[in-house]
Amino acid sequence: MPAVTRCCTFIADHIYRIAVKLDTFWMQQVIGIELVIKGKVNTQQTPVVICNHQSWFDIPLVQHVITGNGPKIKFLVKREIVWIPIIGWICLVLNFPRLRRGKNNGAGESDFSIIQKASKGHGNESGALLIFPEGTRFTETKKANQKVPYHHLLKPKTGGLKMIKQHANAETNLVDITIDYHQKNVHIWHCLRAEPAKITITLEHYNLAEIDDMDTWLNNRWLEKDKLLSSQQY
């Protein structure tokens, strides 16, 4: 029933945007976190967004700087999240790409297919596609296990970005976001207590079509991002 689907999507879209505004009000006015925004705010309607990943608190921060001034964000979610009341239902209605995240070959092939489908569909309608290239939240233990050359980041993966570049419109804008909590061991429960009291969000813009070698480009970006985080720490 297309009419019912359109109605549900319309309602979910408005609930999503209201939730983003409430999250921003709550972060700044209720908890009292100072959000420092550096760089030009996104004005494109179909950007690809990448960001370092330290906490689940990253998501409302990215929504603040992207959806607060433009399109809603779709991001890859675990399939099980659709069973979470309100949040999961919105992800389901807005058709967020849902991954199995299993370790067997079948799950990996299924996830690859889902990312490929999201890549091909991106740009056909207004909306930002968010990717955390590290694939998981940063911890000191994960950093040590990966033996990466970074102080504040994990190794970025290029698979998803390569697929998007292959299918995206030539004018697609790539927004690189760096979130700096100005402290180590960030957890969402710390943020709920305004620890830290200040969060710096830096935005940099690129044209996806102008990136020739995604592996080299992303590794260089991560080196620069790590330098930025080191310069702003504490």
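Author: A polar contact is a pair of N or O atoms within 3.5 Å; within protein, one must be able to donate a hydrogen and the other to accept it, and residues adjacent in sequence count only if both atoms are side-chain atoms. Here the side chains of His152 and Ser230 are joined by a polar contact of 3.1 Å. This is a predicted model, in which local features need pLDDT of at least 70 and side-chain atom pairs count only at pLDDT 80 or more, while totals for chains, interfaces and linings use all residues. Residues are numbered from 1 along each chain as its sequence is written, and side-chain values use heavy atoms, with hydrogens and water left out.

Reader: Where is His152, and is His152 buried or exposed?

Author: Helices (H or I, at least four residues) and strands (E, at least two) are DSSP runs, numbered from the N terminus. His152 is in the loop between α5 (140-146) and α6. Buried means under 20% relative accessible area, exposed over 50%, and partly exposed in between (1.4 Å probe, protein chains only). His152 has 16% relative accessibility and therefore counts as buried.

Reader: Which aromatic pairs does a search of the whole structure find?

Author: Rings of Phe, Tyr and Trp (its six-membered ring) pair if their centres lie within 6.5 Å; planes under 30 degrees apart count as stacked, over 60 as edge-to-face and the rest as tilted. The search of the whole structure finds two such pairs. Trp26 and Phe57 form a tilted one, 6.3 Å centre to centre with 55° between the planes. This pair links distant parts of the chain, with Trp26 in helix α1 (residues 2-31) and Phe57 in the loop between β2 (48-51) and α2 (58-66). Phe57 is buried at 2% relative accessible area, whereas Trp26 is partly exposed at 31%. In the other pair, the ring centres of Tyr206 and Trp217 are 5.2 Å apart and the planes are at 85°, so the pair is edge-to-face. Tyr206 belongs to strand β8 (residues 198-207) and Trp217 to helix α8 (residues 214-232).

Reader: Which residues of α8 are buried?

Author: An α-helix has 3.6 residues a turn, so residues three or four places apart point the same way. The buried residues of α8 include Met214, Trp217, Leu218, Arg221, Trp222 and Lys225. Contact means heavy atoms within 4.5 Å, and what covers the buried residues of α8 includes β1 (34-38), β2 and β8.
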